[in-house]
Amino acid sequence: MQPRSSVPRHIDDFSENVTRVHWPIVTDEKNVFCFYSGNKLVEKVHMPVGKCFAIDSTVPHAFFNFSEKVERVHLVINFGISFKEFKAWSQVNPLFKLPI
């Protein structure tokens, strides 16, 4: 994602059957992931390098890169199970831990 760019609020088309995991590769504190309830912003998250984040993409969300120079680069992995199933699976699987 280029500096000074954004992806508007949306819900992923396939979100009921897929959990999307973001693994930040390049970012800075001016890159944020926002979650909404209706038109109200309810959570703003900076995803630092070195951690993975499982996203419930059935919730309206948007991305903003307010950085002047730093691109936002994430490895994005889609798991073919719902977020609810993914969360339950990751909590009991000792080989796979994510901060969810």
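Which strands are among what covers the buried residues of helix H1? The structure examined here is a predicted model, in which local features need pLDDT of at least 70, side-chain atom pairs count only at pLDDT 80 or more, and totals for chains, interfaces and linings use all residues. Residues are numbered from 1 along each chain as its sequence is written, and side-chain values use heavy atoms, with hydrogens and water left out.

The cover of the buried residues of H1 includes strand S2 (19-26), strand S5 (53-55) and strand S7 (73-79). Contact here means heavy atoms within 4.5 Å. Helices (H or I, at least four residues) and strands (E, at least two) are DSSP runs, numbered from the N terminus. Helix H1 spans residues 83-92, and its buried residues include Phe83, Phe86 and Ser90. A residue is called buried under 20% relative accessible area, exposed over 50%, and partly exposed in between (1.4 Å probe, protein chains only). Viewed down the helix axis, the buried residues of H1 fall within an arc of 55°, so they line one face of the helix. The arc is taken from the directions that lead from the helix axis to the C-beta atoms. Lys84, Gln91 and Val92, on the other side of H1, are exposed.

Rings of Phe, Tyr and Trp (its six-membered ring) pair if their centres lie within 6.5 Å; planes under 30 degrees apart count as stacked, over 60 as edge-to-face and the rest as tilted. By this rule the count comes to five aromatic pairs. One of them is edge-to-face and joins Phe33 to Phe63, with 4.7 Å centre to centre and 65° between the planes. Phe33 belongs to strand S3 (residues 31-37) and Phe63 to strand S6 (residues 61-65), so this pair ties together parts that are 30 residues apart in sequence. Phe86 is buried, with a relative accessible area of 0%, whereas Trp89 counts as partly exposed at 34% relative accessibility. Phe33 and Phe63 also belong to one aromatic cluster together with Phe35.

Charged side chains lie over some of the rings. A charge sits over a ring if NZ of Lys or CZ of Arg is within 6 Å of the ring centre and within 35 degrees of the ring normal. Arg72 lies over the face of Phe63, at 4.6 Å from the ring centre. The charged end of Arg9 is placed over the ring of Tyr36, 5.0 Å from its centre.

The strands are described next. Strands of a sheet pair through backbone hydrogen bonds, either parallel or antiparallel. Two strands are taken to pair if DSSP finds at least two bridges between them. Three strands form an open sheet in the order S5-S2-S7, with antiparallel pairing. Its edge strands are S5 and S7, each of which pairs on one side only. The twist of this sheet averages 30° from one strand to the next. Axes are lines fitted to C-alpha atoms, for helices over the stretch in contact, and angles run from 0 to 180 degrees between N-to-C directions. Strands S2 and S5 run antiparallel and are joined by three bridges; Val21 has Ala54 in S5 as its bridge partner.

Another open sheet has four strands in the order S1-S6-S3-S4, and its pairing is antiparallel. S1 and strand S4 (40-45) are its edge strands, each pairing on one side only. On average, neighbouring strands of this sheet are turned by 20° against each other, direction ignored. S1 and S6 pair in the antiparallel sense over four bridges, and Ser6 stands opposite Phe64 in S6. Five bridges join S3 to S6, which run antiparallel, and Asn31 stands opposite Asn65 in S6. Four of the five residues of S6 are buried, so S6 is largely enclosed by the rest of the structure.

One backbone angle remains to be noted. Most residues other than glycine have a negative phi. Arg4 has a positive phi of about 55° although it is not a glycine. Arg4 is found in the segment before strand S1 (5-10) and is exposed, with a relative accessible area of 60%.
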